[in-house]
Amino acid sequence: MSSVDLEKLKMTCGGRAMAVLTSGGDAQGMNAAVRAVTRMGIYVGAKVYLIYEGYQGLVDGGDNIKLAHWHSVTNIIQLGGTIIGSARCKAFTTREGRLAAAFNLVQKGITNLCVCGGDGSLTGANIFRTEWSSLLDELVQKGRITDTLSKQHNHLNIVGLVGSIDNDFCGTDMTIGADSALHRIMEIIDAIMTTAQRYLALVSALASGADWLFIPEAPPQEGWEDRMCARLETSRIKGSRLNIIIIAEGAIDRNGKPISSTYVKDLVVKRLNYDTRVTVLGHVQRGGTPSAFDRILSSKLGVEAVIALMEASPDTPACVIGLSGNHAVRLPLMECVEMTKLVQTAMNEKRFDEAVKLRGGSFENNWNIYKLLAFQKPSNFAVAILNVGAPAAGMNAAVRSAVRLALAHGHKVYGVHDGFQGLANGAVFEMEWHTVAGWTGQGSSLLGTKRTLPSKLLEKIAENITKFNISALLVIGGFEAYRGVLELFEARGHYDELCIPMCVIPATISNNVPGTDFSLGADTAVNAAMEGCDKIKQSASGTKRRVFVVETMGGYCGYLATSTGIAVGADAAYIFEDPINIHDLKTNVEHLAEKMKKDIQRGLVLRNEKCHEYYTTDFIHRLYSSEGKGIFDCRVNVLGHLQQGGAPSPFDRNYGTKLGVRAIQWISKKLTEHFRQGRVFANSPETASVLTLKRKVISFVPVTELKDQTDFEHRMPKVQWWYNLRTMLRMLAKYQTSFCDYVPGEIEHVTRRSISIDAGF
């Protein structure tokens, strides 16, 4: 859709009424969705109502349906649960209940409804929409509304947002709340054994390096007790002091018999005499503050939901706003629901392999990767793994999966300390299966990393490749990793030793590696910056009218500042890619001053560390302090290296694990293709590649192809996919801005083929 269409939409929907409700179980991120729907609705000129206590509030009406204002959703983005309540409602499952709900909506003039909940809640919304005309006819017949009023509200538009910690709704890559639930699980699983939900169990197993996993969709084969105990014994022999077994809710064996945590505990104690403890997480998975991913996801989906509602006509089918790669898409609601039901049908009929496929490409790939990392074969080729650039969370997860799959493929694996400098110095050591035990949850880089580029070390690097008989390089790091492999490729004409497969896994908090949408470590960094900003805002909870200027890292790349800005509801985020001048700064100060005169008590302005040569963090702090004098005071905070530290987020653990596997699969293929006359000789461009994720497509792009896409001076891509998110950031901060950069979601049908595509994370 063009920007002109959206501007017309903004002009024509004034006075239209819409409402938002949350239903079913709480999911972290629901508040961010409510905030986005409310503010975007008001932004385009609609009247927005908040329905409290879910469908129960819709049935009861009265004070449960309240007109919202811009400030009704201020300072809620960081809160868990849902501020408008999420009660389950038996009455709405009856026609009488839906009749009462229809009457309450008509009384308020509401014909557009956004429902955030699970498949049951969304199915109920679709039934409500289907019955709408007959419900109004019945209200007219009973004399509760006039025929004129009925004709004025003759159709109901429905848009759904999937709020579920289980991530079990077909069609969308992620549901609101799933990432936050993984954060809660990983906070505990790093130290103790646990049980979890299905999707949560699988991703947690990958993210924690669990020894054994039970999920309903893939019951273990007969004799699993013997195999599990043998696996635990083997890990202890190799030096492990702790084993983790994850049991999903609903886990069963091949005969449909439930597998309980108590049974597994008693089995381990009886067979192995290991001290074994059980922890059931339960509702702790729903608690806590939402993650950065969920806040950004909810904001994107909420904005798109409003656009979809305002565009809808009587012929538009009910849709769900889902995530496809990094884009919001519109999915036919009932296609999603029907596909979701097929999973349970397959399980009931014991067609477990099909159930795994129906759960989607990401789920199936996660399960296959978990199984891949469980077995070891004799060695063959030698693969060297090194980290290059600044440390990034998730590096160790990628190293662990790469090491174990390389061993499983029959390769010898070398670890290299301190990047290209270590490779030149011969800081090379052999890595075994047990070497990387427990690495998944470790932050920073356990191999050690440096920014040194290889151009001045080529001779020594070539010598050590020969000395250790290295057949391939896996380089995990940021912009320097990409540039370093490019230098090695360009030196192949002088050094035959460099004619070996080389793969780069992008890993940097700056997310500035060309060719890929996401780099390892960026999600952890956004969460760290978000948590810092949350605490900064909280520190002023007892202070009126205060603005914080916060500096983020990221080099010249504004991804970290922009994403954090959306996650914390910032008033502005200054970045290098979006040049600012003194007039922009003046406008921002005046905008904040106006907000401070009303209900807003705190403001937050983010500045990327290299956004402007002269408008430094100190300058902006002084400007805001001066211009805001008498209205608000100003404080400054530099987040610094806390954005690099800490344990990796569940996203980065899982993403790193999957990238490590993909990289070794590619390397193994190249080694086979280029093995001739007793040696590996690979000198074509495609044998030196970056592992990239674009939308939902994982590719290996030659470093030579990425040169034209690279701004080498500023160490980042020339075009940034996330730049369009800045329009949403401005709109949700109440800036009058053009829709020019907003790209509305496309309609995607939900089929077996569409759900089979792995999102990559």
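Contact here means heavy atoms within 4.5 Å. The structure is a predicted model, in which local features need pLDDT of at least 70 and side-chain atom pairs count only at pLDDT 80 or more, while totals for chains, interfaces and linings use all residues. Residues are numbered from 1 along each chain as its sequence is written, and side-chain values use heavy atoms, with hydrogens and water left out.

Buried means under 20% relative accessible area, exposed over 50%, and partly exposed in between (1.4 Å probe, protein chains only). R88 therefore counts as exposed, at 65% relative accessibility. G120, located in helix α5 (residues 119-141), is likewise exposed because its relative accessible area is 52%. Both belong to the UniProt feature "binding site" (unreviewed entry), placed at G25, R88, C89, G118, D119, G120 and S121. A further UniProt annotation, "active site" (unreviewed entry), covers D166, a residue of the loop between β5 (157-162) and α7 (178-189). UniProt positions are given in the numbering used here, feature names are shortened, and annotations may be inferred rather than shown by experiment.

Strands of a sheet pair through backbone hydrogen bonds, either parallel or antiparallel; two strands count as paired if DSSP finds at least two bridges between them. Seven strands form an open sheet with mixed pairing, in the order β3-β2-β1-β4-β5-β9-β10. Its edge strands, each pairing on one side only, are β3 (65-67) and β10 (327-332). Neighbouring strands of this sheet are turned by 30 degrees against each other on average, direction ignored. Axes are lines fitted to C-alpha atoms, for helices over the stretch in contact, and angles run from 0 to 180 degrees between N-to-C directions. Six bridges pair β10 with strand β9 (residues 319-324) in the antiparallel sense, and V320 has L331 of β10 as its bridge partner. Helix α11 (residues 292-311) lies across β1 (17-22), β4 (110-117), β5, β9 and β10, and runs at about 140 degrees to β9.

Another open sheet has four strands in the order β18-β19-β17-β20, with parallel pairing. At its edges are β18 (572-574) and β20 (633-638), each of which pairs on one side only. On average, neighbouring strands of this sheet are turned by 20 degrees against each other, direction ignored. Packed on the sheet is helix α22 (residues 617-627), touching β17 (546-552), β18, β19 and β20; its direction makes about 165 degrees with that of β20. Three bridges join β18 to the parallel strand β19 (residues 602-608), where L606 is the bridge partner of A573.

Two further helices complete this account. E480 is situated in helix α18 (residues 479-490) and counts as buried because its relative accessibility is 10%. Its surroundings include V388, G389, F420, R451, L453 and R715, which E480 touches, not counting residues up to four places away in sequence. The side chains of E480 and R451 make a polar contact (3.2 Å): a pair of N or O atoms within 3.5 Å, where, within protein, one must be able to donate a hydrogen and the other to accept it, and residues adjacent in sequence count only if both atoms are side-chain atoms. Helix α23 is mostly covered, with 19 of its 24 residues buried.

Definitions and conventions:
Helices (H or I, at least four residues) and strands (E, at least two) are DSSP runs, numbered from the N terminus.
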